[in-house]
Amino acid sequence: MMLEMLRGKRMLFVGDSLNRGQYVSLLCLLHRAIPDGAKSFETVDSLSIFRAKDYDATIEFYWAPMLAESNSDDAVVHRVDDRVIRGAPMDKHSRFWQGAHILVFNSYLWWTAEDKIKILRGADNDLSKDIVEMKAEEAYRLVLYQVVRWLERNADPKNSRAFFVTASPTHTDSAAWGDEAEGGNCYNQTTPIGDASYWGSTSREMLRVTEEVLATSRVPVGVVNITQLSEYRRDGHTQTYKRQWSEPTPEQRADPRSYADCTHWCLPGVPDTWNELLYWKLFFPSNDQAL
């Protein structure tokens with residue numbers, strides 16, 4: 001049903017590795033309904049494209065972890081100690097967003113590494129020229145406003161939809177859910193958190209900024225709120241069961257908690273639920289126009 005409703009359309013996820021995880025989840029949910037000869041997948045630099053040929057549809061992912069241009073824009077090598085973003089314009093990334101019928105944005109985790117973010121003002125490529133520091137929340141607000149303004153200029157509500165996926169929680173400190181074991185995290189957790197009132201380290205201030213900025217948009221932007229439901233899922237992360245960027249040291253292997261990934265999610269898993277929410281918001285909206 002979803003493939004039929006995507007017929008002739010281009011669906012594009014834009015954001016970081018959490019959004020890429022949701023993108024891969026959607027491909028896994030859909031691809032088995034398509035014969036092998038009628039689908040293809042390719043990645044060129046920051047853009048990945050899945051084609052459902054019989055439906056003349058593409059589902060794509062574009063790597064832009066901070067949405068704005070930054071020195072972390074390489075889709076493979078993006079770990080930098082001193083992060084710099086360009087406040088405006090957004091042309092480097094947004095030219096890839098043109099023509100998408102469905103846009104699914106996310107951006108949160110990369111803004112929380114430091115209290116302040118360096119902003120390069122203007123279009124000059126010389127990073128030494130005009131750099132200012134801003135509080136991470138205010139820099140985030142600035143970039144989200146740029147995204148909203150772009151949508152207002154380029155998105156036609158009659159034939160396109162835009163969504164923003166809220167923050168994906170981490171589970172790096174088991175003391176937050178009452179575990180007294182020193183140095184504990186998501187490693188070896190096999191059950192969800194049972195306290196319905198639980199809230200971890202996700203920044204309420206960043207969520208407030210997201211809500212305030214999206215509320216100013218003159219075109220509808222659907223919010224896919226995945227934060228609270230994912231807060232409970234300390235058991236859903238990839239932990240040590242993922243491809244490692246580098247081989248764990250003997251010391252790390254002796255203490256798997258030290259290299260457990262408590263940020264990204266297993267598949268099948270939590271991102272499948274995110275896509276269920278997106279599916280209903282996309283095709284069965286209550287307050288805005290369906291595609």
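**Helix packing and salt bridges in the predicted model**

Helix 4 and helix 5 are roughly parallel to each other, a label that applies to angles under 35 degrees, with over 145 counted as roughly antiparallel, 65 to 115 as roughly perpendicular and the rest as oblique. The residues in the contact of helix 4 with helix 5 divide into eight nonpolar, one polar and five charged. In this division Ala, Val, Leu, Ile, Met, Phe, Trp, Tyr, Cys and Pro count as nonpolar, Asp, Glu, Lys and Arg as charged, and the others, Gly among them, as polar. The structure is a predicted model, in which local features need pLDDT of at least 70 and side-chain atom pairs count only at pLDDT 80 or more, while totals for chains, interfaces and linings use all residues. Residues are numbered from 1 along each chain as its sequence is written, and side-chain values use heavy atoms, with hydrogens and water left out.

Helix 4 covers residues 136-154, and its angle to helix 5 is about 25°, with the two axes 10 Å apart. Axes are lines fitted to C-alpha atoms, for helices over the stretch in contact, and angles run from 0 to 180 degrees between N-to-C directions. Helices (H or I, at least four residues) and strands (E, at least two) are DSSP runs, numbered from the N terminus.

A network of salt bridges links Glu 138, Arg 141, Glu 205, Arg 208 and Glu 212. A salt bridge is a side-chain nitrogen of Lys or Arg within 4 Å of a carboxyl oxygen of Asp or Glu, and the count by this rule comes to 16. Glu 212 is partly exposed at 32% relative accessible area, and Arg 208 is partly exposed at 34%. Buried denotes under 20% relative accessible area, exposed over 50%, and partly exposed the range in between (1.4 Å probe, protein chains only).

Two further salt bridges were examined. Asp 36 pairs with Lys 39, the closest N and O atoms being 3.6 Å apart; Asp 36 is exposed at 67%, whereas Lys 39 is buried at 18%. In the bridge between Arg 257 and Asp 255 the closest N and O atoms are 3.2 Å apart, and Arg 257 is partly exposed at 30%, as is Asp 255 at 29%.

Lys 39 is also among the residues touched by Lys 53, together with Gly 37, Ala 38 and Ser 40, not counting residues up to four places away in sequence. Lys 53 lies in the loop between strand 3 (47-52) and strand 4 (57-63) and is partly exposed at 47%.

Met 2 is in helix 1 (residues 2-5) and is buried, with a relative accessible area of 9%. Leaving aside neighbours within four places in sequence, Met 2 is in contact with Met 11, Leu 26, Leu 30, Tyr 279, Leu 282 and Phe 283. Met 2 and Tyr 279 are 277 residues apart in sequence, with a C-alpha to C-alpha distance of 8.0 Å.

Notes
Contact means heavy atoms within 4.5 Å.
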